[in-house]
Amino acid sequence: MPNIRSAKKRLRQNVKRRTANLAIKRQVRHYCRTVRQACEAKDITAAETAFRVAVKHLDQAASKKILHKNTVSRVKSRLSARIKAVKTAE
């Protein structure tokens, strides 16, 4: 535990930011999971609408530097590839 007042404040801020960032990451994972589940169910329209929502939240997380921009780019690419594979299979 910090002894200096400014260090105590930094600790409080870090705890608050960490919990907020974890909540955003959890939300992003949820939206990506809905895209994957829609692809597994071969529901293209649901997958595409869920993909748009997931991309929006992924981009927001990247702009806030919660997730790295290359990580976000990779996840978006993989999700779109899944949707494309489901489309071509039908």
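Student: Before that, on what terms are the residues and atoms counted?
Tutor: This is a predicted model, where local features need pLDDT of at least 70, side-chain atom pairs count only at pLDDT 80 or more, and totals for chains, interfaces and linings use all residues. Residues are numbered from 1 along each chain as its sequence is written, and side-chain values use heavy atoms, with hydrogens and water left out.

Student: How do the axes of H2 and H3 run, roughly parallel or roughly antiparallel?
Tutor: Helices (H or I, at least four residues) are DSSP runs numbered from the N terminus. The axes of H2 (residues 44-63) and H3 (residues 69-89) come within 10 Å and cross at roughly 175 degrees. Axes are lines fitted to C-alpha atoms, for helices over the stretch in contact, and angles run from 0 to 180 degrees between N-to-C directions. Angles over 145 degrees count as roughly antiparallel, so H2 and H3 are roughly antiparallel.

Student: By class, which residues make up the contact of H2 with H3?
Tutor: Contact means heavy atoms within 4.5 Å; on the H2 side the residues include Phe51, Val55 and Leu58, and on the H3 side they include Val72, Leu79 and Ile83. Ala, Val, Leu, Ile, Met, Phe, Trp, Tyr, Cys and Pro count as nonpolar, Asp, Glu, Lys and Arg as charged, and the others, Gly among them, as polar. By class, the contact has 11 nonpolar, one polar and five charged residues.

Student: Which helix gives the largest share of the lining of the largest pocket?
Tutor: A pocket is an open set of points on a 1 Å grid over the protein atoms alone, where a 1.4 Å probe fits, with protein on both sides within 12 Å along at least five of seven lines; lining residues have an atom within 4 Å of a point. The largest pocket holds about 170 Å³, and among its lining residues are Lys25, Cys32, Leu58 and Val75. Two or more lining residues come from each of H1 (5-40) and H3. The largest share, six residues, comes from H1.

Student: Is His57 buried or exposed?
Tutor: His57 is found in H2. Leaving aside neighbours within four places in sequence, His57 is in contact with Gln27, Val28 and Tyr31. Buried means under 20% relative accessible area, exposed over 50% (1.4 Å probe, protein chains only); His57 has 17%, so His57 is buried.

Student: What is the relative accessible area of Ala38?
Tutor: Ala38 is found in H1 and touches Asp43, Ala46 and Ala47, not counting residues up to four places away in sequence. Ala38 is buried, with a relative accessible area of 9%.

Student: Where is Lys42, and what is its phi?
Tutor: Lys42 lies in the loop between H1 and H2 and is exposed, with a relative accessible area of 53%. Lys42 is not a glycine, yet its phi is positive, at about 60 degrees.

Student: How far apart in space are Lys65 and Ala85, C-alpha to C-alpha?
Tutor: Lys65 sits in the loop between H2 and H3 and counts as exposed at 74% relative accessibility. Lys65 and Ala85 are 20 residues apart in sequence, and their C-alpha separation is 30 Å.

Terms used. Parallel < 35°, antiparallel > 145°, perpendicular 65-115°, else oblique. Points joined across faces, edges and corners; volume = space filled by probe spheres on them.
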